[in-house]
Amino acid sequence: MAEFTKKFLPEGGLNAAGWTVGVDLGGTKIEAALAAPDGALVARPRAPTPRGDYAGTIEAIAALVATVTACAPADVGPIPVGVGMPGALSRRTGLVKNANSTWLIGKPLDHDLARRLGRPVRVANDADCFALSEAIDGAAAGADVVFGVILGTGVGGGVVVGGRPLASPNGIAGEWGHNPLPWADPARDPAHACYCGKRGCIETYLSGPGFAAHAGIGADAAEIAAAARAGDSEAAAALDLYCDRLARGLAGAINILDPDVIVLGGGLSHLSELYERVPTYWKKYVFSDHVETRLTPPLHGDSGGVRGAAWLWRDADPAAILAWSPPHDDAPP
Ligand SMILES: [Zn+2]
């Protein structure tokens with residue numbers, strides 16, 4: 001695998017930029033890590049997210065970044081920071097949009113963090129960071145087109161092409177969770193309301209809460225899977241229907257993007273049944289006589305967000321980082 005993996009790695013190791021910091025800004029916790037030039041993660045502090053408090057969120061990130069940068073050798077120069085977050089920066093306005101951490105919406109997060117930290121900052125969608133981590137040196141290492149899928153409390157996704165997150169005008173590449181479930185049958189797949197204002201979104205079937213709600217047997221996703229394995233026929237049917245719905249959802253994505261690899265992340269990615277059944281079931285739905293697409297669990301588990309955030313600086317020019325200066329207070333966001 002080493003030779004294959006190298007094609008997306010710069011000379012001198014995983015981080016041409018040298019030492020970098022990755023921050024995974026989640027709705028309930030923030031995690032930071034210091035990444036060494038060889039890709040090893042050093043120090044992994046976490047803190048609760050100050051929900052509803054933008055200034056507090058900036059300060060919590062600053063405290064974690066100070067903690068991890070203190071672990072770096074003294075002579076490594078400026079250490080840039082990558083941040084993965086739910087949502088995206090609007091290419092048009094530079095402001096956060098689509099974040100379920102709603103107190104971030106409309107804020108120039110990268111600008112404010114760069115000013116507070118005194119370091120260069122790159123911000124990206126957390127699913128893009130997950131996909132990037134797996135595409136560079138994870139379960140999809142060396143693959144040209146990678147679709148990273150989050151199956152957790154929500155359903156999201158990110159696309160990495162040629163070792164880089166796909167730069168797209170709306171910042172939503174891979175956001176398949178609010179597409180309708182393909183080949184939905186009202187009798188088999190009753191549509192539930194989605195927080196986005198529509199009904200029958202993929203997320204309402206395939207998120208953890210969506211799976212539990214559709215199963216309707218008073219159990220969460222992990223309990224349903226455990227009961228199915230123990231021989232409970234109702235739970236087994238619910239789990240099988242989940243696999244078929246996931247196969248339909250991913251078939252729709254394959255028909256458009258045709259990725260080499262689909263990597264699953266989030267809590268439901270731990271269900272081994274998905275990898276056994278979905279690639280069989282999606283043959284019924286993908287518009288191709290053979291489906292070469294590989295479906296895989298993540299290699300880096302829950303570390304994907306913070307790793308991918310650090311890798312946002314993977315291909316940066318070290319000279320540009322050295323020459324960087326903080327934005328002024330009166331600079332436009
Ligand atoms: Zn929706």
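How many Å separate the centres of domain 1 and domain 2, taken over C-alpha atoms? The answer is 28 Å. This is a predicted model, in which local features need pLDDT of at least 70 and side-chain atom pairs count only at pLDDT 80 or more, while totals for chains, interfaces and linings use all residues. Residues are numbered from 1 along each chain as its sequence is written.

**The two domains**

- Domain 1 covers 11-129 + 304-323, and domain 2 covers 141-298; these bounds come from an automatic or database domain assignment.
- Eleven residues of domain 1 are in contact with 13 residues of domain 2, where contact means that C-beta atoms, placed from the backbone, lie within 7 Å.
- On the side of domain 1 that touches domain 2, at least two residues each are supplied by β6 (88-89), β8 (121-125) and α4 (126-137). Helices (H or I, at least four residues) and strands (E, at least two) are DSSP runs, numbered from the N terminus.
- That side of domain 1 is made of four nonpolar, five polar and two charged residues. Here Ala, Val, Leu, Ile, Met, Phe, Trp, Tyr, Cys and Pro count as nonpolar, Asp, Glu, Lys and Arg as charged, and the others, Gly among them, as polar.

**Helix α2 with helix α3**

- Helix α2 (residues 54-69) and helix α3 (residues 109-117) have axes that come within 10 Å and cross at roughly 50°. Axes are lines fitted to C-alpha atoms, for helices over the stretch in contact, and angles run from 0 to 180 degrees between N-to-C directions.
- This angle makes α2 oblique to α3; angles under 35 degrees count as roughly parallel, over 145 as roughly antiparallel, 65 to 115 as roughly perpendicular and the rest as oblique.
- Ile58, Ile61, Ala62 and Val65 of α2 make the contact with Asp112, Leu113, Arg116 and Leu117 of α3.
- Sorted by class, the contact of α2 with α3 has six nonpolar, no polar and two charged residues.

**Helix α7 with helix α8**

- The axes of helix α7 (residues 221-229) and helix α8 (residues 233-257) come within 7 Å, crossing at roughly 120°, which makes α7 oblique to α8.
- From α7, Ile224, Ala225, Ala227 and Ala228 meet Ala235, Ala236, Ala238 and Leu239 in α8.
- The contact of α7 with α8 has eight nonpolar, no polar and no charged residues.

**Helix α4 with helix α10**

- α4 packs with helix α10 (residues 304-311) at an angle of about 80°, and their axes are 7 Å apart. That makes α4 roughly perpendicular to α10.
- Among the residues making this contact are Phe130 and Leu132 of α4 and Arg307 and Trp311 of α10.
- By class, the contact of α4 with α10 has six nonpolar, four polar and three charged residues.

- Ile321 sits in helix α11 (residues 318-323) and is partly exposed, because 19 other C-beta atoms lie within 10 Å. A residue is buried if 20 or more other C-beta atoms lie within 10 Å of its own, exposed if 12 or fewer, and partly exposed in between.
- Ile321 and Thr293 are 28 residues apart in sequence and 38 Å apart in space, C-alpha to C-alpha.
- Arg188 is found in the loop between β11 (164-165) and α5 (202-206), and counts as exposed because it has 10 C-beta neighbours inside 10 Å.
- Arg188 and Leu241 are 53 residues apart along the chain, with 8.9 Å separating their C-alpha atoms.

Notes: Two residues are in contact if their C-beta atoms, placed from the backbone, lie within 7 Å.
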